Amino acid sequence: MKIILSILLCLSLASCTVYGVTNDYKKLSDDDKSTIVSLKNFDDTNVKYIYKINGKQLKEELKKYPKSVVYIFSNGCTSQYCLPMSNYERFAKENNYKLFLVMEGYAHLDKTIAQRSEVFKEQLYSIDNDFYNSWYSVRYHRLFENELRGIEKKAKPEWEGGLYFFNFDTLEKVTRDLPQ
């Protein structure tokens, strides 16, 4: 009986799809994969594409802006800290921030893409896991955040939120919620 239950459990687990452990790129359709490209230049982007970036590239770009906010998010997030993309875009526009929307992976990409409208037009970026030589989201996410924070690569800081506020390339604060 235990053998039969073990076999049934293994078969049921084999049919499950687990998201978020890796960047989930392999789970995308060929059409979605074709929209993900490496960033060559921030000045030459197209909203039809999602540009893979690393923390060094982003920190260099942040030097151009007196006020910027980087939002690192998971597609399809349903926590209290996740708002529709248009909320972040509106906040940035109303408060003169340059906004960088950075996906930590590609799971549920369709939920973010579905938010695109006349209102939500910001460029989308994703963390370049290849740059960090890792498929595991917890690792490349931490390395990306550490570069933004300007701390040692191996450090494991407490999660303070996904909103990083910068004055040029100097990190001013990290929060979970948009300021009121």
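**Helix α6 and beyond**

Tutor: Helix α6 is mostly covered, with eleven of its 13 residues buried. Buried stands for under 20% relative accessible area, exposed for over 50%, and partly exposed for what lies in between (1.4 Å probe, protein chains only). This is a predicted model, in which local features need pLDDT of at least 70 and side-chain atom pairs count only at pLDDT 80 or more, while totals for chains, interfaces and linings use all residues. Residues are numbered from 1 along each chain as its sequence is written, and side-chain values use heavy atoms, with hydrogens and water left out.

Now the helix itself. α6 covers residues 137-149. From its first C-alpha to its last it reaches 18 Å, close to the 18 Å expected at 1.5 Å a residue. That expected span is 1.5 Å times one less than the number of residues. Helices (H or I, at least four residues) and strands (E, at least two) are DSSP runs, numbered from the N terminus.

Which residues of α6 are buried? They are Ser 137, Tyr 140, His 141, Arg 142, Leu 143, Phe 144, Glu 145, Asn 146, Glu 147, Leu 148 and Arg 149. Arg 139, also in α6, is partly exposed, because its relative accessible area is 36%. After the helix comes Gly 150, with a positive phi near 75°.

Arg 139 leads out to the surface. There, Lys 56, Arg 139, Lys 153 and Lys 154 gather in a patch of positive charge. Patches take residues with over 30% relative accessible area and no salt bridge; like charges are joined within 9 Å, and nonpolar side chains (Val, Leu, Ile, Met, Phe, Trp, Tyr) within 5 Å. Lys and Arg count as positive, Asp and Glu as negative, and His and the chain ends are not counted. A charge is placed at NZ of Lys, CZ of Arg, CG of Asp or CD of Glu.

Trp 135, Tyr 136 and Val 138 make it, and its area is about 350 Å². Areas come from the Shrake-Rupley method with a 1.4 Å probe; for residues, only the protein chains shown count as cover. Tyr 136 sits in the loop between β5 and α6.

Side chains of opposite charge can pair when their charged atoms come close. Here Lys 52 meets Asp 130, at 3.1 Å from N to O. Lys 52 lies in strand β2 and Asp 130 in the loop between β5 (124-127) and α6, so the pair ties together parts that are 78 residues apart in sequence. Lys 52 is buried, at 15% relative accessible area. Asp 130 is partly exposed, at 47%.

How many salt bridges does the structure hold? The count is six. One of them joins Lys 64 to Asp 43, with the closest N and O atoms 3.6 Å apart. Lys 64 is in the loop between α3 (55-62) and β3 (68-73), and Asp 43 in the loop between β1 (36-38) and β2 (50-53), so this pair ties together parts 21 residues apart in sequence. Lys 64 is partly exposed at 45%; Asp 43 is exposed at 59%. Glu 61 joins these two residues in a network of salt bridges. Lys 63 and Glu 60 form another bridge, at 3.1 Å, N to O. Lys 63 is partly exposed at 41%, and so is Glu 60, at 48%.

Next, backbone angles. Most residues other than glycine have a negative phi. Asp 24 has a positive phi, near 65°. Its place is the loop between α1 (2-14) and α2 (30-34), where Asp 24 is buried at 3% relative accessibility. Asn 96 also has a positive phi, near 60°. It belongs to the loop between α4 (85-94) and β4 (98-103). Asn 96 is exposed, at 63%.

Finally, the whole chain. The protein has six helices and seven strands. Their order from the N terminus is α-α-β-β-α-β-α-β-α-β-α-β-β. Of its 180 residues, 39% are buried. Pro 179 falls in the segment after β7 (170-175) and is partly exposed at 31%.

Key: A salt bridge is a side-chain nitrogen of Lys or Arg within 4 Å of a carboxyl oxygen of Asp or Glu.
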